[in-house]
Amino acid sequence: MHDLRNQTLAETVALAAALGEPRYRGEQIWRWVHARGASSLDEMTDVSKDLRARLAGQIALGTLEVAEVQRSVDGTRKLRLVTRDGKSIESVLIPDGDKMTQCISSQVGCALDCQFCATAKLGLSRHLEPGEIADQVYRAQALLAREEPGRRISNLVYMGMGEPLHNYDNVVKSIAILTDERGANFSHRRITVSTVGLVPAIERLGREPEVRPNLAVSLNAASDDVRDRIMPVNRKWPIARLLAALKAYPLERRRRITFEYVLLAGVNDSDDDAERLASLLRGMRCKVNLIPWNPHPEAPYKPPAPAAIERFQNRVKALGLASYLRTPRGDDIAAACGQLANRSQAAVLPASRLSAP
Ligand code: SAH
């Protein structure tokens with residue numbers, strides 16, 4: 001059965017019309033799902049019981065179950081959410097002054113196999129549906145409403161598990177839903193989609209008529225030689241093709257592309273790397289976020305020593321690149337960049353399950 005949560009407003013209005021209901025009734029139902037955070041049809045108390053029953057005959061309304069919330073000493077929260085087919089995904093709430101950024105997942109696992117990333121080790125289980133992507137926001141907002149009344153999620157970043165542009169249609173639809181003013185009403189400027197650099201999908205995103213998120217690109221290396229090794233996707237779309245697509249990308253006024261650059265000691269943190277990076281990006285409207293590698297057990301890397309990080313940043317700055325050093329958030333609960341791997345799940349499995357043959 002289809003899920004109501006996957007529908008745009010127009011689709012729900014059409015469904016209501018098929019049941020003989022006027023437009024405003026469809027809008028009312030849709031607002032329950034996307035503005036009021038309903039997790040079941042029964043919560044729609046101002047929709048008649050009869051209509052709710054007829055709806056239930058046509059369509060389901062699923063919701064993610066909040067299975068676990070972990071809290072970091074720095075105020076970051078990590079939610080483990082479970083889908084109707086029992087898959088776990090993670091989403092992270094990151095407070096920063098007045099801002100509250102939510103990092104959301106687009107897939108269960110990931111297929112891209114970046115060598116430094118914990119999510120990659122899971123492999124890809126499946127794409128998330130548009131409603132599952134949006135519901136991460138509604139469940140987190142409901143948690144916030146209980147714990148910090150009045151506080152709202154202000155920014156969304158598609159930087160959790162998965163490669164958003166590998167799940168292109170569902171991600172674009174989720175953005176259309178989340179930016180609808182009759183629903184969660186996020187501004188496009190407060191949504192960022194991060195990609196490993198799937199060139200055809202970047203080109204397609206640039207042509208989307210209605211959906212205009214900010215774009216972040218995980219570059220992570222300044223030569224094909226290094227990038228081929230740490231990000232296999234580079235063998236298909238090497239740096240020159242990626243940057244050509246980004247230079248052609250229709251950036252809106254006063255926006256810039258963000259490049260993420262995970263610093264791996266001895267791999268991509270030399271003076272030469274800094275110089276190559278600066279010359280690759282020269283003249284682009286962009287900024288670089290330097291992210292010292294966040295440790296996890298599945299990969300053999302190390303973050304550079306603090307002095308090496310500083311040296312790298314000073315070098316790219318001196319060469320004219322806007323660069324920002326990202327301090328890890330929530331690393332004590334494995335919620336920082338690249339650490340999302342459902343590790344907590346193993347910890348809560350009953351011992352009997354763990355020891356089963
Ligand atoms: N697949 C998309 C969305 C995930 S964003 C993308 O790669 O852009 C996650 C970010 O964390 C990426 O920039 C990735 O390069 C970075 N990352 C992955 N593993 C990391 C780690 N262990 N430490 C720091 N950053 C990491």
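Predicted model: local features only at pLDDT ≥ 70, side-chain atom pairs only at ≥ 80, totals over all residues.

Colleague: Is strand S3 largely enclosed or largely open?

Modeller: Strands here are DSSP runs of E with at least two residues, and helices are runs of H or I with at least four, both numbered from the N terminus. A residue is called buried under 20% relative accessible area, exposed over 50%, and partly exposed in between, with a 1.4 Å probe and protein chains only. In strand S3 (residues 88-96), 7 of the 9 residues are buried, so the rest of the structure leaves this strand largely enclosed.

Colleague: How many bridges join S2 to S3?

Modeller: Two strands count as paired if DSSP finds at least two bridges between them. Strand S2 (residues 77-82) runs antiparallel to S3, and Leu79 has Ser91 in S3 as its bridge partner. The two strands form a hairpin with 5 residues between them, where Gly86 in the turn has a positive phi of about 80°. The number of bridges joining S2 to S3 is 6.

Colleague: Which residue in the hairpin of S3 and S4 takes a positive phi?

Modeller: S3 also pairs in the antiparallel sense with strand S4 (residues 99-103), over 5 bridges, and Val92 has Cys103 in S4 as its bridge partner. This hairpin has 2 residues between the strands, and the positive phi, near 60°, belongs to Gly97.

Colleague: With which side chain does the side chain of Arg80 make a polar contact?

Modeller: Arg80 is found in strand S2 and is buried, with a relative accessible area of 8%. A polar contact is a pair of N or O atoms within 3.5 Å; within protein, one must be able to donate a hydrogen and the other to accept it, and residues adjacent in sequence count only if both atoms are side-chain atoms. At 2.9 Å, the partner of the Arg80 side chain is the side chain of Ser88.

Colleague: Is Asp332 buried, partly exposed or exposed?

Modeller: Asp332 has its place in the loop between strand S12 (323-325) and helix H11 (343-348). Its relative accessibility is 44%, and therefore Asp332 counts as partly exposed.

Colleague: Which polar side-chain atom lies 2.6 Å from an oxygen atom of the ligand?

Modeller: The ligand is surrounded by 21 residues, the closest being Ser194, Ser218, Asn220, Trp293 and Asn294, where a residue is near if one of its heavy atoms lies within 4 Å. A nitrogen atom of the ligand is 3.1 Å from a polar backbone atom of Gly162, while a polar side-chain atom of Glu260 lies 3.4 Å from an oxygen atom of the ligand. At 2.6 Å from an oxygen atom of the ligand lies a polar side-chain atom of Ser218.

Colleague: Which helix gives the most to the lining of the second largest pocket?

Modeller: On a 1 Å grid over the protein atoms alone, a pocket is an open set of points with protein on both sides within 12 Å along at least five of seven lines, a cavity is a set where a 1.4 Å probe fits but cannot get out, and lining residues have an atom within 4 Å of a point. The second largest pocket holds about 300 Å³ of space, a volume being the space filled by probe spheres set on points joined across faces, edges and corners. Its lining has 19 residues, with Ala35, Tyr138, Gln141, Arg152 and Ala184 nearest the centre. With 6 residues, the helix that gives the most is H4 (residues 130-147).

Colleague: How much space lies in the largest cavity?

Modeller: A search of the whole structure finds 2 cavities of 30 Å³ or more. Of the 13 residues that line the largest cavity, the closest to its centre are Asp3, Gly62, Thr63, Arg84 and Glu132, and H4 provides the largest share of the lining, 3 residues. The space in the largest cavity is about 90 Å³.

Conventions: Residues numbered from 1 in each chain as written. Heavy atoms only, no water.
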